Amino acid sequence: MNIGKTQIILGFMITCLLASPAAVAGADWNMFHENAQHTGYIDQAADFTPTVWYFSTQGAITSSPAILNKIAYFGSEEGHVYAVNLEDGTKLWDYKTDGAIISSPAISGDYLYIGSTDGYLYAQDIKNGNVKWKYKTGNSIESSPLVYNDTIYVGSNDGRIYAIDISNGTKKWEYNTGNAVRSSPVISGDTLLVGSDDSKIYALDIATGNKTWEYTTGDKIESSPAVMNDMVYVGSDDGKAYAINITDGTLVWNYDMGKPVASSPTIDTNDNSLFIGADNGKVLCLDTRNGEEKWNYTASGAVKSTPAIFDNKIVFGSSGGTVYIVNKYNGNEEWTYNPGYGVINYAIESSPAVYGNMIYIGAGDGSFYALNNDKMNGPTSVYAYYLGGAAIIIIALLIVVRAIRNRRKKEE
């Protein structure tokens, strides 16, 4: 059911019942989750005033935000791309495509690049959302584009990886994997690395698109790879996390997580730690050198969100509707936020962005949330009013029932 309709119906039911007796400024995020390590963190500007808030759209938000000059850019599954002020959650502009937005935006210079399930890759002016150009692929784009020098690299559900000229939207090359490419590419040196639903991870020459090597896992790869020290790390729907030699594509190690791994790995370069989630709700910290488990944490639902690292913590969402903040050294829970208060739960599959002490994340209820880590709190969501109204109704009904019983006793 449409999210807006769900909220209207809930509000209408409560109203009816109550009437009866009985929600680094200037940093340029040029790839999914900020960098090759997917740390998802940038320093907060000195003049930034943090406040908690939520911004509502009419579709689930699985797109992850890009941040530039205290503005968050993200998409919603109702087809809009949004620019929202980070300080107070006010909308600056939005643009409607003809498909759902699952892809996460990339920013370079004055333009934002994002894919839509209408099959187009859009280049938009970050000031107003005006489209400079758009490039049509053969199917939906769920992959998040990567901007590198004068080229945009992105996957499409038509099975191809595209290299597009950033200035005019013309194609430089394409490579056909044979199945949908939902994974988002990364670059190491002159090599582009990306997964495909054909179960393979590919290493391609960034200039020509020629294949250097491929490695086959046991199932499709929706996870986006991360690279460090000549190693590429990625998850697969076969339930394993993989470490592969970036030079020749040979396996270094793998770790069986038990259920499909759509979450992308996040790497702490200072501690040789890799953080990744799985559909069984497990988030694991693995040693990047040998794949040994350091600790694990179990969330309330599948973890498709990619963790962000900040201070001594990581943050991620779950399909159980909760945002988790846990200690990155031991996996101990620091605090959690559930906008549905454990009663009205929508999946949180968007990957968070951390801006200083603030956490920004989208949710399946169509809201984009700003949380304050220092104060360990978030905004009072619209569901609090629904639940409060429901509680008042229940109490009123109990009072009415009790009054009726007492009256009947007296009449007897």
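A: Happy to. One definition to begin with: a residue is called buried if its relative accessible area is under 20%, and exposed if that is over 50%. Please keep in mind that this is a predicted model.

Now to the pair itself. Both Phe 48 and Tyr 355 fall in the buried class. A pair of aromatic rings is described by the distance of the centres and the angle of the planes. For Phe 48 and Tyr 355, the centres are 4.9 Å apart and the planes stand at 85 degrees, an edge-to-face arrangement. Phe 48 belongs to the loop between β1 (41-42) and β2 (53-56), while Tyr 355 is in strand β31 (residues 353-355), so this contact ties together parts that are 307 residues apart in sequence.

That pair is one of 23 aromatic pairs in the model. There is also an aromatic cluster, made up of Trp 53, Phe 55, Phe 74, Tyr 82, Tyr 360 and Phe 368.

Some rings have a charged neighbour instead. Lys 132 places its charged end over the ring of Tyr 111, at 4.7 Å from the ring centre. Likewise, Lys 134 lies over the face of Tyr 120, with 4.4 Å to the centre of that ring.

Finally, a look at the open space. The largest pocket has a volume of about 400 Å³. It is lined by 17 residues, and those closest to its centre are Thr 62, Ile 102, Glu 222, Ala 262 and Lys 304. By type, the lining has nine polar, five charged and three nonpolar residues.

Methods. Residues numbered from 1 in each chain as written. Predicted model: local features only at pLDDT ≥ 70, side-chain atom pairs only at ≥ 80, totals over all residues. Heavy atoms only, no water. Phe/Tyr/Trp six-rings, centres within 6.5 Å; stacked < 30°, edge-to-face > 60°. Helix = DSSP H or I, 4+ residues; strand = E, 2+ residues; numbered from the N terminus. Buried < 20%, exposed > 50% of the residue type's maximum accessible area, 1.4 Å probe, protein only. Lys NZ or Arg CZ within 6 Å of the ring centre and 35° of its normal. 1 Å grid on protein atoms, 1.4 Å probe; cavity = no way out; pocket = protein on both sides within 12 Å on 5 of 7 lines; lining within 4 Å. Points joined across faces, edges and corners; volume = space filled by probe spheres on them. Nonpolar A, V, L, I, M, F, W, Y, C, P; charged D, E, K, R; others polar.
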